[in-house]
Amino acid sequence: MPDTKLTKAWHGIPREEIDWFPRVDEDACIGCGTCVTGCGRGVYRFDFDRKKTVVAEPMHCMVACMTCANTCPTGAISFPPVRTILDLSDRVEIHHAVEDELLARRDELGISSVLPHPDHLAEMVVHDIEEIGSATRILTLVPRREHDRLCEHAAGQYLELWVPNAAWMSRAYSIGNAPRPDGSIELQIRRVDGGRLSAWAFGPVAVGDVVAVRGPLGNFTNRSPEGTPIAFVARGTGFAPIAALLEQQVELFPTRTMLLYWGATSSDDFYELEHLGEMLAAAPGLSATLVARRFLPDFTPPKGVATALGRVSDAVAGSGLDLAGFDSYVAGPRLTVTDCVAALAERGALRQRIFADSYAT
Ligand code: SF4
Ligand code: SF4
């Protein structure tokens with residue numbers, strides 16, 4: 001009989017709708033019992049006559065747990081692909097359910113840091129809002145006061161952003177430009193249906209709004225010695241940190257061998273193409289390829305930019321490039337990044353020299 005305490009909804013999704021519980025290959029099971037005694041949720045029972053384990057309460061299984069499979073000596077236990085859970089956890093209502101629960105249980109789950117932290121808290125003003133198609137906006141923020149400048153950020157870093165009067169928590173965004181003398185930064189924001197930040201960024205946001213930010217954060221920054229060739233790969237607004245890194249490299253080492261693959265669903269999702277064209281003109285060592293599932297008839301790439309149909313990871317894998325000796329920087333949705341890292345390795349890039357920055361979709 002299932003115990004309702006162990007079968008409660010997972011972040012709002014009824015447990016029975018989630019295909020996550022162990023399957024046991026009886027032929028492989030040697031009846032050691034490790035899974036039965038090791039599972040703290042009563043999923044298993046033990047058949048003493050046959051000396052086999054039995055999955056008795058599958059819905060007791062903790063979503064995404066794989067402890068028993070990891071400790072089974074014969075590999076007799078299997079689970080659905082982890083992507084099953086990654087796809088679920090990428091859903092916006094899951095993010096909101098987790099966020100709401102954290103806020104509701106703040107007294108119980110919160111901890112106050114006993115160490116001073118170096119994070120820089122600042123206020124910035126929305127200076128410009130640029131529309132890219134219907135699904136992307138670029139917000140340019142400028143420091144509200146001199147000490148609110150984030151211009152010490154390193155290209156590729158991100159910040160956290162609090163929208164004024166919002167009841168939800170901060171959201172993380174990569175800074176889409178290398179440091180500028182005026183301290184301005186660009187955030188490339190993709191519309192997420194039902195997303196709380198999207199509701200603001202594609203709704204009431206206005207020039208002059210003041211937002212709180214914390215940063216700069218993250219270590220997705222350049223770590224390639226001078227002269228090392230670099231492959232940049234981005235998908236969607238994963239282009240933000242890549243654009244910042246590229247801008248920095250074009251300024252510092254314009255003759256460095258660099259290549260860019262940037263993928264999107266449709267050609268009208270690409271943005272900052274004029275800027276990309278300028279970087280190509282300034283950096284003789286740079287080549288660029290735009291990859292999309294479909295190109296609209298009126299789309300014209302910047303001069304010197306190649307195009308390819310399909311997925312960006314497939315374009316990299318099928319490029320024929322020899323990337324031995326290259327450093328690589330990859331940014332985009334989590335699953336795309338995984339595929340791109342595999343594609344780069346397939347082309348000869350050393351895994352230890354592939355640096356990745358991913359976000360949930
Ligand atoms: S841990 Fe593996 S081998 Fe041992 S009882 Fe469980 S399924 Fe069988
Ligand atoms: S995955 Fe975890 S919760 Fe599920 S049966 Fe195995 S040990 Fe128990």
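## Surface and overall build

Accessible areas here come from the Shrake-Rupley method with a 1.4 Å probe, and for residues only the protein chains shown count as cover. On that basis the protein exposes about 18,100 Å², with carbon and sulfur atoms supplying 54% of it. This is a predicted model, so local features need pLDDT of at least 70 and side-chain atom pairs count only at pLDDT 80 or more, while totals for chains, interfaces and linings use all residues. Residues are numbered from 1 along each chain as its sequence is written, chains are lettered from A and ligands numbered from 1 in the order in which they are written, and side-chain values use heavy atoms, with hydrogens and water left out.

Taken along the principal axes, the C-alpha atoms fill a box of roughly 75 × 50 × 45 Å. There are ten helices and 16 strands in the protein; these are DSSP runs numbered from the N terminus, with helices (H or I) of at least four residues and strands (E) of at least two. Of the 361 residues, 44% are buried. Buried means under 20% relative accessible area, exposed means over 50%, and partly exposed is in between (1.4 Å probe, protein chains only).

Ligand 1 has 13 residues around it, and Cys29, Cys32, Gly33, Cys35 and Cys72 come nearest. To be near, a residue needs a heavy atom within 4 Å of the molecule. The shell around ligand 1 has eight nonpolar residues, five polar and no charged. For these classes, Ala, Val, Leu, Ile, Met, Phe, Trp, Tyr, Cys and Pro count as nonpolar, Asp, Glu, Lys and Arg as charged, and the others, Gly among them, as polar.

Ligand 2 has its own set of neighbours: Pro22, Cys39, Arg41, Val43, Tyr44, Cys61, Met62, Cys65, Met66, Thr67, Cys68 and Phe79. Sorted by class, that shell comes out as ten nonpolar, one polar and one charged.

As a rule, most residues other than glycine have a negative phi, and most peptide bonds are trans. A few spots in this model go the other way. Gly215 and Pro216 are joined by a cis peptide bond, with omega at about 0°, and Pro216 is part of strand E10 (residues 210–217).

Then there are two positive phi values. His11, in the segment before strand E1 (23–24), has a phi near 45°. His11 counts as partly exposed because its relative accessible area is 28%. Glu272 has a phi near 55° and lies in the loop between strand E12 (258–266) and helix H8 (273–282). At 18% relative accessibility, Glu272 is classed as buried.

## Loops worth a look

Start with Gly40, in the loop between helix H1 (34–38) and strand E2 (44–47). With 79% relative accessibility, Gly40 is exposed. Glu57 is 17 residues away from Gly40 along the chain, and their C-alpha atoms are separated by 12 Å. Further on, Ala154 is in the loop between strand E6 (136–143) and strand E7 (158–162). Ala154 is partly exposed, at 29% relative accessibility. Its C-alpha atom is separated by 15 Å from that of Val250, 96 residues apart along the chain.

The loop between helix H10 (334–346) and strand E16 (354–359) holds Ala349, and Arg353 lies in the loop between H10 and E16 too. Which of the two is buried? Ala349 is, because its relative accessible area is 6%, whereas Arg353 is partly exposed at 27%. Not counting residues up to four places away in sequence, Ala349 touches Leu323, Ala324, Ser328, Leu344 and Ile354. With its neighbours within four places left aside, Arg353 is in contact with Arg223, Ser224, Pro225, Phe326, Asp327 and Ser328.

On C-alpha distances, Ala349 and Thr237 are 23 Å apart in space and 112 residues apart in sequence. For Arg353 and Met258, 95 residues apart along the chain, the separation is 15 Å.

Conventions:
Contact = heavy atoms within 4.5 Å.
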